[in-house]
Amino acid sequence: MGEEVAMAWYQKDRAETERLLESSSKGLSKKEAAKRLCEYGPNALVEAEKKSALRIFLEQFADLMVLILIVAALVSAFTGDVESMLVIVSVLVLNAVLGTIQHVKAEKSLESLKALSSPRAKVIRGGVKMEIDSAQLVPGDMVSYEAGDMVVADGRILENFSLQVNESSLTGESANVDKSDAVIKEELALADRINMVYSGSLVTYGRANVMVTATGMETEIGKIAGLMNDTKEKKTPLQATLDDFSGKLAAAIMVISILVFGLCMWRGMALMNSLLFAVALAVAAIPEALSSIVTIVQAMGTQKMAKEQAIIKNLAAVESLGCVSVICSDKTGTLTQNKMTVQEIYVGDRICRDRELDVSKQLHRYLLYAAVLANDSAIVDGEGIGDPTEYSLLSMYRNIQGLDLDGDKLALSDHLLRSMAARLEEIPFDSDRKLMSSKHLIHGRQTVFTKGAVDVLLDRCVFIRLEDGIYPMTEEIRGKILAQNEAFSAQGLRVLAFAYKESEEKLSRENERDFIFLGLISQMDPPREESMEAVARAKAAGIRTVMITGDHKVTATAIARAIGIFAEEDEARTGQELDALSDAELDMEIERISVYARVSPENKIRIVDAWQRKGKIVSMTGDGVNDAPALKKADIGVAMGITGTEVSKDAASMILADDNFATIIKAVANGRTVYNNIRNAVLYLLSGNLSAIIAVLYTSLLALPIPFAAVQLLFINLVTDSLPALAIGMEPSDPDVLRRKPRDPKQGILTRDFVRLLIGQGGLIAVCVIAAYWLGLTGSSAENAAAASTMAFATLTLARLLHGFNCRSRHSLLQIGFAGNWYSLGAFVLGFTLVLMVLFLAPVMRLFSVVALSQNQYLEILGLALLPTLLIQLVKLIRDRRE
Ligand code: ATP
């Protein structure tokens with residue numbers, strides 16, 4: 001492959017492309033592909049250089065407060081207090097280590113999030129078609145694209161079947177481009193090189209086989225990626241509000257620290273000591289861990305969701321998930337199993353089962369031809385490949401295939417039938433048109449077979465074939481067919497109509513008409529077992545479920561009723577009926593409509609819009625190429641992992657790995673839990689910091705000795721902040737999380753109730769700390785500042801560590817138990833051990849300016865530290881009982 005490529009790929013013909021890329025229509029061998037992967041690297045856009053752990057560590061010190069603290073510690077070291085400097089520096093280093101670990105962990109989780117949703121590509125390697133992660137693509141790979149795929153590498157089209165591509169991400173041009181496989185001689189701009197596809201485009205129609213010419217940063221999008229490579233993770237709304245709040249809080253704490261500094265100086269404390277104390281207070285009180293805790297809790301939440309089959313593509317979605325109040329869900333495959341089995345068949349004006357079809361009758365034979373030939377599926381080793389609607393028809397045919405019908409065995413296997421009546425032309429199925437047609441040579445005549453939605457296809461039939469010949473389609477016959485369709489649909493069956501015509505005309509959407517009607521085949525697609533329960537759970541959680549389907553209204557309503565989506569007073573609308581409604585009319589009706597049938601992708605956008613006008617947070621599922629705009633418009637766009645197109649996955653914010661509706665409800669529960677956990681962690685951090693500030697302000701204003709030495713404040717910051725807060729963030733889902741109404745998305749975390757709780761709990765701890773302080777100060781005959789400080793310090797750290805248990809949940813510990821969250825117990829045990837070391841190990845005691853106390857005083861500390869938790873638990877217990 002070393003040869004220079006003087007002309008661009010679009011100017012080369014197929015043979016030359018294959019020669020230069022040393023590949024063929026069979027693709028590369030696996031070995032060669034592996035070799036090239038080493039040579040060219042993975043097919044991914046390289047992101048801006050990552051920060052090293054060292055740099056992140058150093059950045060932890062690039063905080064004004066920390067710098068002042070270091071300077072102050074150095075200065076005090078010169079004035080003789082070397083020990084205290086060492087302690088301060090080591091605590092700061094430990095803090096920075098903790099901060100670095102948090103940062104790296106948060107980044108790792110974000111990365112694994114990205115890896116989960118990377119697109120797949122269908123390649124031919126060694127002559128075998130396989131699906132691989134698009135990052136594994138190398139130049140020379142043969143890739144097949146079809147409607148709904150994302151183009152994942154630049155390539156030259158070698159075989160084109162009406163491929164249409166949207167290249168707007170590259171060229172800005174929003175119209176679809178018709179592609180070709182012919183050589184282009186002249187020099188053309190990118191947008192006009194119609195025999196090439198470029199990474200980042202979307203396949204909107206048709207299919208093609210493409211040889212990869214460039215991957216990764218060598219692709220056209222890779223070349224401009226440097227310009228648009230915005231690697232900065234966008235902050236989620238919650239992060240943004242909390243960051244904003246932390247900023248304001250930090251400013252307020254600085255003001256308080258300056259005030260405290262002034263008071264210390266005024267009371268005659270040495271300049272450096274005053275500074276040290278004031279700055280340590282600021283460091284301890286500013287909740288710097290807030291932002292990374294939010295990221296980590298959200299990221300851990302998404303990992304849990306991924307295990308439960310819901311892949312979240314960005315953190316912001318976790319927040320919106322918790323507020324979802326309307327879920328618009330597809331029917332087929334999401335609420336139902338997408339396991340179709342053929343039921344009754346209506347042909348020749350009578351109803352029969354598949355085994356009653358008689359191939360000696362031309363009518364029956366043609367119906368079977370249509371079912372097998374206008375059909376892209378296959379059954380390999382008993383496994384259906386392709387669309388279940390289609391392979392159920394194939395398996396129906398196989399049921400008959402082996403049968404001895406009146407001694408006249410149906411000899412043609414479906415393989416043989418398909419090879420004898422080879423396909424000449426086709427128009428694939430799309431959910432807008434709801435038809436699929438293909439043309440074959442039958443008895444030497446070009447014959448078009450079409451199958452599709454009854455209402456659509458029947459309108460295009462001008463004749464009907466009965467057992468004894470062809471008759472014009474009359475209103476009476478039409479009425480009969482429609483009545484039969486209704487009867488099947490009322491049983492929740494999916495109905496397909498079949499028709500044919502002989503025609504030499506080139507097949508096009510325009511001439512998909514003038515057909516001869518053959519019959520109807522009904523199929524059953526049972527609801528998923530979990531759907532009913534999931535819909536009921538959603539309802540209990542204040543979430544409305546709406547069914548949106550391409551299927552028939554009566555079928556959809558029957559299934560919706562069985563699953564519990566459709567209540568008696570509800571209504572069902574078709575896409576057409578929806579089109580007839582004005583926005584104002586739709587707004588009046590929307591709350592009553594729980595089933596939308598025969599919808600087009602545009603209808604979906606209108607439905608999302610209407611619900612959003614009502615202030616609802618809407619989740620919308622989709623799988624097709626055309627669903628992308630609706631998925632983007634919805635607050636939570638949900639794509640199907642198994643049956644969904646790459647385009648829909650790209651547009652969605654969540655992917656259901658199992659295509660299952662019930663997974664959405666689990667994800668909502670997780671979203672709510674993540675939010676509650678973050679709120680609880682914030683409550684823990686802020687209430688604890690508040691108690692320290694109150695205690696310091698109190699003593700400063702009363703001109704009493706300072707309650708905490710600077711090193712003690714840093715210790716409090718290290719031991720009682722991040723770890724317990726993170727542990728609270730890991731709290732498992734509360735069983736009643738889905739029994740409450742969705743949270744109002746406009747309401748931030750800092751609601752009035754939250755602030756009340758914060759002040760109440762922080763105040764309670766502060767009162768106990770101040771009480772301990774007084775007991776220490778007046779415990780002996782002389783005023784004992786050291787004992788006061790030790791007691792205040794011990795009470796504050798222990799009370800805060802215990803408070804970690806309170807903040808886990810709104811329920812009492814009796815209800816949630818200690819074993820529910822081992823992280824929380826672990827954080828407590830670790831913190832408690834460290835506090836004991838500071839209080840009782842002589843050398844450590846000295847470092848932290850802690851003195852030995854009397855037995856009674858230790859008991860007083862224990863009592864006062866336990867008091868806030870006992871009171872808070874009591875309140876929770878009473879509330880639990882009442883609920
Ligand atoms: P949902 O939107 O809930 O997934 P759906 O799968 O029924 O519903 P579509 O796939 O858009 O929606 O199908 C719409 C209609 O088109 C079906 O009711 C059926 O009549 C017809 N149809 C479905 N699949 C095919 C197919 N492969 N060939 C021809 N017609 C089809």
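The questions below go from the whole chain to the ligand and then to single elements.

Visitor: What is the source of the coordinates, and how many helices and strands does the protein chain have?
Guide: This is a predicted model. The C-alpha trace of the protein chain spans about 120 × 70 × 50 Å along its principal axes. Its secondary structure comes to 32 helices and 28 strands.

Visitor: What percentage of the residues of the protein chain count as buried?
Guide: The cut-off for buried is under 20% relative accessible area. The protein chain exposes about 38,100 Å², with 58% of that supplied by carbon and sulfur atoms. Of its 883 residues, the buried share is 52%.

Visitor: What share of the contacts with a separation of 6 or more joins residues 24 or more positions apart?
Guide: A contact here requires heavy atoms within 4.5 Å. Among contacts in the protein chain with a separation of 6 or more, residues 24 or more positions apart account for 70%.

Visitor: Which residues are closest to the ligand?
Guide: The shell around the ligand has 20 residues. Strands β18 (445-453) and β21 (494-502) each supply at least two of the shell residues. The closest residues are Lys331, Thr332, Arg494, Thr549 and Asp551.

Visitor: How many residues of the shell around the ligand are nonpolar, polar and charged?
Guide: Asp, Glu, Lys and Arg count as charged, and Gly is among the polar ones. On that basis the shell splits into six nonpolar, five polar and nine charged residues.

Visitor: What percentage of the accessible area of the ligand does the protein cover?
Guide: Start with the polar pairs. A backbone N or O atom of Lys331 lies 2.6 Å from a ligand oxygen atom. In the side chain of Thr549, an N or O atom is 2.9 Å from an oxygen atom of the ligand, and for a polar side-chain atom of Asp551 the distance to a ligand oxygen atom is 3.0 Å. On its own the ligand has 610 Å² of accessible area, and the protein covers 92%.

Visitor: Is Thr334 buried or exposed?
Guide: Thr334 is found in the loop between β9 (326-330) and β10 (341-347). Beyond four places in sequence, it touches Ser329, Arg528, Ser531, Met640, Asp659, Asn660 and Phe661. Its relative accessible area is 1%, so Thr334 is buried.

Visitor: What separates the C-alpha atoms of Met640 and Asn660?
Guide: Met640 sits in strand β27 (residues 636-640). Its relative accessible area is 1%, so Met640 is buried. Its contacts beyond four places in sequence include Thr334, Lys649, Leu656 and Asp659. Met640 and Asn660 are 20 residues apart along the chain, yet their C-alpha atoms are separated by 8.3 Å.

Visitor: How far apart are the end C-alpha atoms of helix α21?
Guide: Helix α21 (residues 601-613) has 13 residues, so at 1.5 Å a residue it should span 18 Å. The model agrees: the end C-alpha atoms are 19 Å apart.

Visitor: Which residue takes a positive phi just after α21?
Guide: Within α21 the buried residues include Pro601, Ile607, Val608 and Trp611. Just after the helix, phi is about 80° at Gly615.

Visitor: How many residues of helix α11 are buried?
Guide: Helix α11 covers residues 315-323 and is mostly covered. Its buried residues are Leu315, Ala317, Val318, Glu319, Leu321, Gly322 and Cys323.

Conventions. Residues numbered from 1 in each chain as written. Heavy atoms only, no water. Helix = DSSP H or I, 4+ residues; strand = E, 2+ residues; numbered from the N terminus. Expected span 1.5 Å × (residues − 1). Buried < 20%, exposed > 50% of the residue type's maximum accessible area, 1.4 Å probe, protein only. Near = heavy atom within 4 Å. Polar contact = N/O pair within 3.5 Å; in protein donor to acceptor, adjacent residues only side chain to side chain. Areas by Shrake-Rupley, 256 points an atom, 1.4 Å probe, with all protein chains shown as cover.
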